[in-house]
Amino acid sequence: MKLPKKNLSPAQYLVSGYFVVILLGSIMLMLPIATTDGQGLNIIDAVFTATSATCVTGLIVVNTKEAFTMFGSTVIMLMIQIGGLGIMSMSTLFAFIIGKKISLKERLIIQEDLNQYQISGMVRLVQYLLGFTFAIEGIGASILFLRLSQDHDFFRAVYLSIFHAVSAFNNAGFDLFGNSLEGFTGDITINFVIMALIILGGIGFGVMLEVYNRVKFKKATLQTKIVIAMTAALLVFGFIVFFALEYNHTMEGLPFLDKVLSAMFLSVTPRTAGFNTLPTGALRQSSLFLIIFLMFVGASPGSTGGGIKTTTFGVMLITLKNTIVGKEDMEIYNRRLETQIVYKAFTITMLAAALVILMTTLILIIEDFQFIDVLFETVSAFGTVGLSTGITGSLSNISRVLITITMFAGRVGPLTLAVAFGDKVRKGIYHYPTEKVMVG
């Protein structure tokens, strides 16, 4: 795991790492052996698909089942695994294998990649991360195999199980069934296994470690408390609203228990997963708008998911509540948030919103689609979700490039990307006098 000689910042090294993986993946998807027609993908579609896989998004311009050979789908699966775990986590895995020590510079990059606030314990965290990942994916794949072996031969069932376990845990949303999971709307086993993998992959490895160590909620870190509270609240809120909105719409004609299952899955999948058991394009516009909100918030820090993250949204809500009641300190669970964390939360949200607005506007200028469909597609790309109302394959090459950029920015993080291309921040040696400004 040798680092380049040039003095790159952790953010710059991280961006470069993802770029290299996408480049290599694109080249492999352009090979004749990768596609069923023996032609390979063209460069635009190859880069789009490689970015979607590496950034664990799941948006596709060609049907994964029909377009790719086993070689091509395996390349996609490997990119999903690398992108989900993080470039440095995979690099650290190879370092463990060859017995190489992890340098301080490499630990700093791991810290940036996993979105952690302290450098101590980075290597141990990666060890747990790798252990959790392969154990959870293995268990998920085993249960999926027991179900899929009823419909497919042994080797096909094994491959489908592994592919979808990796795709679900890494919140990627790629599938080999051709229509996501619409053929399994009432299948309890498939639904619950995929939902469990999505939630575990999106909750964050730091939280998983505390749960694994049986840390009680009262003694858990503030990070874990906010993640669990926000995740539970968003899942319950989404389930109730989707159940009400789609009960007599896309769920019409389904048995009651299947409606409950569909609403549960619809609440889970916008957390950057991208699978769907109901046709997304047929949902009510109110449901689509709620999904846009859930996709924008996304998963949790240090996870395989994207979005602004649950903690970012949680910090903003905490700030809103404390400001309304007139508190100067931003307090939650008998703890006080650092002012810098509040600034960072609002900065990330504003950068993300600016990116979504810019890309949505540009695509609306280029394409002749409905506003809700374009906004949905753009937020899905930023949140590395992969849900679509069905316009992805009809996008022009320019729009595909814009969506590709959005997926990349969403996976790396808008703040990390800004820091990577910006100048180093230097603290001032003096402060200007303060002056009040009327707001609101």
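The legends below describe close-up views of a predicted model.

Local features are taken where pLDDT is at least 70 and side-chain atom pairs at pLDDT 80 or more, while totals for chains, interfaces and linings use all residues. Residues are numbered from 1 along each chain as its sequence is written, and side-chain values use heavy atoms, without hydrogens or water.

**View 1. The chain as a whole.**
The chain has 18 helices and two strands; these are DSSP runs numbered from the N terminus, with at least four residues (H or I) for a helix and at least two (E) for a strand. Of its 440 residues, 55% are buried. Buried means under 20% relative accessible area, exposed means over 50%, and partly exposed lies in between (1.4 Å probe, protein chains only).

**View 2. A nonpolar surface patch.**
Phe19, Val20, Leu23, Leu24, Ile27, Met28, Leu31, Ile33 and Phe71 make a patch of about 790 Å². Patch residues have over 30% relative accessible area and no salt bridge; nonpolar side chains (Val, Leu, Ile, Met, Phe, Trp, Tyr) are joined within 5 Å, and like charges within 9 Å. Areas come from the Shrake-Rupley method with a 1.4 Å probe, and for residues only the protein chains shown count as cover. Helix H1 (residues 10-29) gives the largest share of the patch, six residues. Leu31 sits in the loop between H1 and helix H2 (43-54) and is partly exposed, at 34% relative accessible area.

**View 3. Salt bridges around Arg147.**
A salt bridge is a side-chain nitrogen of Lys or Arg within 4 Å of a carboxyl oxygen of Asp or Glu. Arg147 pairs with Asp151, with the closest N and O atoms 2.7 Å apart. Arg147 is buried, with a relative accessible area of 16%, whereas Asp151 is partly exposed, at 48%. Arg147 also forms a salt bridge with Asp187 (2.6 Å, N to O). Asp187 lies in the loop between helix H8 (154-169) and H9, and Arg147 in helix H7 (residues 122-148), so this pair ties together parts 40 residues apart in sequence.

**View 4. Helix H9 and its ends.**
Helix H9 (residues 188-202) has 15 residues; at 1.5 Å a residue it should span 21 Å, and its end C-alpha atoms are 21 Å apart, which agrees. The expected span is 1.5 Å times one less than the number of residues. Among the buried residues of H9 are Ile190, Val193, Ile194 and Leu197. At the start of H9, a side-chain oxygen of Asp187 comes within 3.2 Å of the backbone nitrogen of Thr189. After H9 comes Gly204, with a positive phi near 100°.

Conventions. A polar contact is a pair of N or O atoms within 3.5 Å; within protein, one must be able to donate a hydrogen and the other to accept it, and residues adjacent in sequence count only if both atoms are side-chain atoms.
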